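Have it open beside you as you read.

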Amino acid sequence: MIIRPYRASDQDVVIDLWSRAVRRAHPFIEGEGEGERARILREVYLVQADNWVAERDGTVIGLLGLLPGEHGEHSGDGPDEGPGAEVGGLFVAPEAQGGGIGRQLLEHAAALHGALTLEVFEANDRARCFYAHLGFTERVRRIDERTGHPLIALERVAPLRSVGWLHLREGRLLSVRTRGNDTFYLPGGKYEPGETAREALSRELSEELGLAVPAEELSEAFVIHAVAHGKNGRRLHMTCFTGGPQDIAPIPGREIAEYAWFDGREARERCAPAHAQVVARLVAQGRMPA
């Protein structure tokens with residue numbers, strides 16, 4: 001699946017997708033997915049919003065519409081979290097629902113803008129559970145003037161943005177533990193102002209393990225979206241990289257208590273929650289044994 005900008009040529013398939021999705025989501029609204037609502041989507045939102053589509057095997061299966069955020073919320077935990085945005089619409093074709101498309105579109109929005117806000121109908125129980133699972137919390141309620149149904153405004157703070165290094169030795173993943181902490185993490189950490197992801201990781205590897213890994217030798221492998229460990233449910237956006245020397249002799253820095261190479265089971269048991277996703281990706285790539 002890919003996520004790409006909406007094109008005018010997507011209009012017909014997107015309107016059909018939207019119509020089928022909202023009729024399924026809002027059976028309590030008479031005439032939903034047609035008439036004036038369809039006209040507004042076509043003539044206003046598809047023209048004025050920042051729209052993105054999810055596409056699989058050449059077929060559009062999801063639509064994300066973004067609007068400028070109500071306020072420039074910024075957590076201060078990273079330089080590139082963005083000013084925030086409102087999710088004006090998130091729709092997935094009924095036949096593609098349940099496969100993670102909506103989650104990936106939302107995380108794409110968070111990667112672009114940081115903090116997110118949106119509104120959901122109180123009667124749309126499935127959507128409310130979906131957003132709660134992804135870390136959204138209720139902010140305020142109001143009555144929708146068009147339908148008379150209650151709407152709930154939700155918000156989610158910007159995810160923590162970090163970088164991690166994927167270094168394996170005989171199928172075991174290098175992990176580090178900071179002083180005063182009993183949980184292991186990937187080598188890496190947060191960005192500093194003005195840094196690119198590769199620059200941040202190069203610096204972190206030097207500070208944590210005494211390794212000289214030039215930024216240009218690092219290659220992005222994948223991005224992990226998870227719940228940040230010990231951050232009260234806050235989301236994590238971690239970009240993982242490969243590259244650099246294979247034969248290394250780490251020298252733990254001031255903040256690092258120890259390092260270790262873990263197999264898949266040990267990583268899941270002793271490491272932060274995001275490690276489970278990292279291990280699953282590495283197993284799927286054939287880089288770690290199942």
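How many nonpolar, polar and charged residues does the lining of the second largest pocket have? Point 5 has the reply.

1. Ground rules. This is a predicted model, in which local features need pLDDT of at least 70 and side-chain atom pairs count only at pLDDT 80 or more, while totals for chains, interfaces and linings use all residues. Residues are numbered from 1 along each chain as its sequence is written, and side-chain values use heavy atoms, with hydrogens and water left out.

2. Overall make-up. The protein chain contains seven helices and 15 strands; both are DSSP runs numbered from the N terminus (helices H or I, at least four residues; strands E, at least two). Along the principal axes, its C-alpha atoms fill a box of roughly 65 × 40 × 35 Å. Of the 290 residues, 48% are buried (under 20% relative accessible area, with a 1.4 Å probe and protein chains only).

3. The sheet with E8. Four strands form an open sheet in the order E12-E8-E14-E13, with mixed pairing; strands count as paired if DSSP finds at least two bridges between them. Its edge strands, E12 (188–190) and E13 (218–227), each pair on one side only. From one strand to the next the twist averages 20 degrees (axes are lines fitted to C-alpha atoms, and angles run from 0 to 180 degrees between N-to-C directions). Inside the sheet, E8 (residues 160–165) and E14 (residues 235–243) are parallel and share six bridges, with Ser162 opposite Met238 in E14.

4. The largest pocket. Its volume is about 1300 Å³. A pocket here is an open set of points on a 1 Å grid over the protein atoms alone, where a 1.4 Å probe fits and protein lies on both sides within 12 Å along at least five of seven lines; lining residues have an atom within 4 Å of a point. The volume is the space filled by probe spheres set on the points, which are joined across faces, edges and corners. There are 49 lining residues, and His26, Gly89, Leu90, Phe91 and Tyr131 lie nearest the centre. Strand E4 gives the most, seven residues.

5. The second largest pocket. Here the volume is about 760 Å³, and among the 29 lining residues Tyr185, Gly188, Gly189, Lys190 and Glu208 are the closest to the centre. To settle the opening question, the lining has 13 nonpolar, eight polar and eight charged residues (Ala, Val, Leu, Ile, Met, Phe, Trp, Tyr, Cys and Pro count as nonpolar, Asp, Glu, Lys and Arg as charged, the others, Gly among them, as polar). E8 supplies the largest share, four residues.

6. The largest nonpolar core. It holds 24 residues, of which Leu64, Val87, Leu106, Leu116, Tyr131 and Phe136 touch the most other members; a core is a set of buried Ala, Val, Leu, Ile, Met, Phe, Trp, Tyr and Cys residues joined through side-chain atoms within 4.5 Å. H3 gives the most to this core, with five residues.

7. Around E7. Five of the seven residues of E7 are buried. E7 runs antiparallel to E5, joined by six bridges, and Val120 has Ile152 as its bridge partner in E7. Six bridges also join E6 (residues 137–143) to E7, again antiparallel; there Thr137 is partnered by Glu155. The E6 and E7 hairpin has six residues between the strands, and Gly148 takes a positive phi near 80 degrees.

Notes: Buried < 20%, exposed > 50% of the residue type's maximum accessible area, 1.4 Å probe, protein only.
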